[in-house]
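Dear colleague,

Please find below the sequence and the structure that I am handing over to you. A summary of what was found follows them.

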Amino acid sequence: MTDQTTLSFASPSAAAADGVAVVFAEDGPKFTSAAQDLDKKTKGMLSEAARISAFKGKKGSSVDVLAPRGVKFARIVLVGLGKPADYANDAWLNLGGAVRGKLSGREGGAAHVYLEKAKGELSAEDAASFALGAQLRNYKFDKYKSKNSETEKNATPLKKLVVHCADPGAARRAFAPERAIVDGVNLARDLVNEPANVLTPAAFAARAKALAKAGVQVTILSEAQMKRLGMGALLAVGQGSENTSHVAVMQWKGAGVRGGDPIAIVGKGVTFDTGGISLKPAAGMEDMKGDMAGAACVAGLMLALAERKAKVNAVGIIGLVENMPSGTAQRPGDVVEAMSGTTIEVLNTDAEGRMVLADCLWYAQEKFKPVAVINLATLTGAIMVALGKEHAGLFSNDDELSARLTAAGLETGEKLWRLPLGPKYDKLIDSKVADIKNTGGRWGGSISAAQFLQRFIKPGTPWAHLDIAGTGMASGDTDINRSWGSGFGVRLLDRLIRDHYER
């Protein structure tokens, strides 16, 4: 959900009636032309405000002043750019989010951002990235707020954000596909933020089904269909819950019949994870409503691909289950058979996500013969011990796919760090009573989980596993997100597909 602020592009000379003006300064401070113009119109007020507040144009710093009479704006915000020449790939994106965070509708219905550098022309792509950051920052999840407080009653939303730039037409064209990315990310955020009593497996399946409105072909597999397919690993996870399990299969055929086999994206969709009989501690268990962030990313990605009419064939597959303890729940020590025919000894019912993915990964390969398979999952707490919340873990059997994903992560700011796989790690999941066991013990927990998944990848299939336990939920505040759910992975995988898989 967003606050419905509309965004548009205009030339620097376009009329601006009221509200807030945002102008910029580089290190020094070196005012941009729009800032210089407003400084003259305010008889040096901006310069004086910068001097008094020791504003030096440092990136992200700002000076906020009320405009004097005779100036068409009610408020002026001077924002530091630092040194644009040193910007990383996601710098303009984050700046857009930071600027949007400084704006409200209290001073008028519109905000006018005069986006430029002190020296050199700003590219249309940078303007579009700034706008994307602003739109992503718009997001709020307040569906369950009753809005009874005085603050909420008196809140005035910003109705219009206008980005004034050198070539608004080019910026508008560059931003056109990013509008779809905003919708995709925000869908993923909505899904992660929903409470588990609302977003049951069936409810999630229904939301996936709704993507048909955007042109995605959606099939929902029932438990009876999954039983016929032999998805014993996935079904075992959900057998303790009164909420039935589902698999949602979402196809976008943007490249047509000549576009070849699809890329497959697979997501873990455990809508709530108690740990099952291997019950989790009570503290923090409420966060397990977000244990479907991988599936949320897949749904958001499929929406984004459809809305921007991506010229790619892609299939998204999500396994939707609820892991609950009950008289019908699977037990530690049970042995189940996956769709591939592999038998699994269940040593820990809280190592459930890999079992869900096992059947979905095999189904994706059997049904669609994909050119590559990527799965996302909030799979292990161990990945946060290794990487914190700054990077998602990357495991892959293919160096080229790994390099492409890493590059896409650097470009979008959704960063990945590759961890090892190997025969000695693989031995950790050997079982004495079945083909494999679902946990490899305490050490290298994220790696043994990835080794488990690799057992369900056919030889010759490029595959990558993204462990997003630290990045997909319980998100810290950033310039582009103030929500508990981040929508991590949508921009990353869209960039990968744009760069390498579109026809």
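In helix H4, the buried residues are Ala-124, Ala-127, Ala-128, Ser-129, Phe-130, Ala-131, Leu-132, Gly-133, Ala-134, Gln-135, Leu-136 and Arg-137; buried means under 20% relative accessible area, exposed over 50%, and partly exposed in between, with a 1.4 Å probe and protein chains only. Helices here are DSSP runs of H or I with at least four residues, strands are runs of E with at least two, and both are numbered from the N terminus. H4 covers residues 124-137, and twelve of its 14 residues are buried. From first C-alpha to last, H4 reaches 20 Å, close to the expected 20 Å, where the expected span is 1.5 Å times one less than the number of residues.

A note on the basis of these values: this is a predicted model, in which local features need pLDDT of at least 70 and side-chain atom pairs count only at pLDDT 80 or more, while totals for chains, interfaces and linings use all residues. Residues are numbered from 1 along each chain as its sequence is written, and side-chain values use heavy atoms, with hydrogens and water left out.

Overall architecture

The protein has 16 helices and 18 strands. Its C-alpha trace spans about 85 × 50 × 40 Å along the principal axes. Buried residues account for 57% of the 503. Of the contacts (heavy atoms within 4.5 Å) between residues at least 6 apart in sequence, 79% join residues at least 24 apart.

Nonpolar cores

A nonpolar core is a set of buried Ala, Val, Leu, Ile, Met, Phe, Trp, Tyr and Cys residues joined through side-chain atoms within 4.5 Å. The largest one has 95 residues, and those with the most contacts inside it are Phe-24, Ile-263, Ile-374, Leu-405, Leu-466 and Leu-493. Helix H10 (residues 293-307) gives the most to this core, contributing twelve residues. Apart from it lies another core of 42 residues, including Ala-233, Val-321, Leu-361 and Ile-429.

H10 itself is mostly covered, with 14 of its 15 residues buried. Its reach from first C-alpha to last is 21 Å, close to the 21 Å expected. Just after H10, Lys-309 takes a positive phi of about 55°.

Cysteines

The whole structure contains zero disulfides, a disulfide being a pair of cysteine sulfur atoms within 2.5 Å. The sulfur of Cys-297 has its closest cysteine sulfur in Cys-360, 15 Å away, and is therefore too far for a bond. Cys-297 is buried at a relative accessible area of 1%, and Cys-360 is buried at 0%.

Backbone features

The peptide bond from Gly-28 to Pro-29 is cis, with omega near 10°. Pro-29 is found in the loop between strand S2 (20-26) and strand S3 (30-31). Lys-43, in the loop between helix H1 (33-41) and helix H2 (45-52), has a positive phi near 55° and counts as exposed at 81% relative accessibility. Ala-474 also has a positive phi, of about 50°. Ala-474 lies in the loop between strand S18 (463-467) and helix H16 (490-500) and, at 27% relative accessibility, counts as partly exposed.

Yours sincerely
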